[in-house]
Amino acid sequence: MATSFFQSSSGSSAFGPAWASSLGVVAIVLGVFLTGLHGTEWMKQVVMVNHYSDTMEKPAADCPEEELEEEGISLAECEFMVDHIWGLGLSTPDWFPGTQMTLAAIGTLLAFLSLIIGGALVNFRPWAVPAAITVFAGLTAVDALQFAAVVNAGPIIRDIYLWNILLWLLIHLLMLTGAIAGRHVERSQ
Amino acid sequence: MQNQGYSRTAVFLHWTIAVSIFFLFISSWWMLGLPLPSKELQFRAFPFQLHKNIGITLVLLLFILLYVRFKHRPAPVESSMKPWMHKLALADHVLLYVLILATCVTGYLSSAHTKWDTVFWWVIEFPRIAAPNEDMNEFWGELHLWTAWALLALVAVHISGAVYHAFINDGIVRRMMRW
């Protein structure tokens, strides 16, 4: 018979402990989402590195009326898109894109691994708990490094990234704590 | 042929498709805020081509997944699911497949009516299937948008169902988590 997470604090069933099933599914859902987020961040930095240069003069926005209609934006918004990306480029320190690309690439890999490990937790493989601790610790470290980078990248970048990173840092700390607590429960049984 | 869970190929394809869908959603919201393209402003070129590459790949993966799933059907799991839950799960799955396909096809048709060519993973140049046409581009673009929103809603239902089964620990979600 299956044991619900809510029936027993350390409930185990033929399927494995309930804490592992719950932590596993959280790791999977967040892993899928975070892989997409880190992948997008990597892409953002690639685009900025390839198309923005602070030695280049800001080009004028090209806003044909039919394009504005298709995009559902005003002329002012179309011009602002260029101002916005240029402002972003101007407020980004030289070291930031490389750092973010590296951390985003590591983050993408770890997020995908957390998805696999989430599955192993749900099916409760013996290696899943130490692997979960390692990967969640890795994700926490990536968040902490991104946090440190963003804090030192100036007010505009800080405004864009800081709270998002802080939220992920807290989520990964909670998941890491959950995995460590789960290991203690398993060892004590 | 029936097994305890889905085949490893099906599991791998399922999660690759899931990650791709989330990447496409998140990245598309960002790339639509990039400046409209001009000779000097090419910010959109790479993300749009990547979006198309992943979308076309998604269709191919979806067909492989459907083939694998029908070839290797997992044995039914005993659970306390009510009949309406079974029906909802079945409807959600069928609609998910239809909407993934519809979102990708409408996206491609929208793109096919622009002046931009599609070079699949920057290697295979797709032949043009239509001349640039603003009205058709807008029509398919709108459909792409609405099918994408509907897909997102269904993905939310799908995830909620998976989380529900994980919390009651009845072995349903395990079938898609075999490594």
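## Elements and extent of chain A

Chain A of this predicted model has six helices and two strands, where helices (H or I, at least four residues) and strands (E, at least two) are DSSP runs numbered from the N terminus. Read from the N terminus, the order is β-β-α-α-α-α-α-α. The radius of gyration of chain A is 22 Å, well over the 16 Å from the globule rule for 189 residues, so chain A is more spread out than a compact globule. The radius is taken over C-alpha atoms, and the rule is 2.2 Å times the number of residues to the power 0.38. Along the principal axes, the C-alpha atoms of chain A fill a box of roughly 65 × 35 × 20 Å.

Of the 189 residues in chain A, 47% are buried; buried means under 20% relative accessible area, exposed over 50%, and partly exposed in between (1.4 Å probe, protein chains only). Among contacts (heavy atoms within 4.5 Å) in chain A between residues at least 6 apart in sequence, 74% join residues at least 24 apart.

## Nonpolar cores

A nonpolar core is a set of buried Ala, Val, Leu, Ile, Met, Phe, Trp, Tyr and Cys residues joined through side-chain atoms within 4.5 Å. The largest has 60 residues, and B:Trp15, B:Phe43, B:Ile100 and B:Leu151 have the most contacts inside it. Helix H1 (residues 8–31) of chain B gives the most to this core, 14 residues. Another core lies apart from it and holds 24 residues, among them A:Trp19, A:Ala111, A:Ile117 and A:Ile133.

## Aromatic pairs

Rings of Phe, Tyr and Trp (its six-membered ring) pair if their centres lie within 6.5 Å; planes under 30 degrees apart count as stacked, over 60 as edge-to-face and the rest as tilted. Over all chains there are 15 aromatic pairs. One of them is the stacked pair of B:Phe46 and B:Trp122, at 5.6 Å centre to centre with 15° between the planes. B:Phe46 belongs to helix H2 (residues 45–71) of chain B and B:Trp122 to the loop between strands S3 (119–120) and S4 (124–125) of chain B, so the pair ties together parts 76 residues apart in sequence.

B:Trp122 also pairs with B:Trp121: the ring centres are 6.2 Å apart and the planes at 65°, so this pair is edge-to-face. B:Phe46 is partly exposed at 22% relative accessible area, as are B:Trp121 at 36% and B:Trp122 at 45%. Ring pairs link B:Phe46, B:Tyr108, B:Phe120, B:Trp121, B:Trp122 and B:Phe126 into a cluster.

## Conventions

Residues are numbered from 1 along each chain as its sequence is written, and chains are lettered from A and ligands numbered from 1 in the order in which they are written. Local features need pLDDT of at least 70 and side-chain atom pairs count only at pLDDT 80 or more, while totals for chains, interfaces and linings use all residues; side-chain values use heavy atoms, with hydrogens and water left out.
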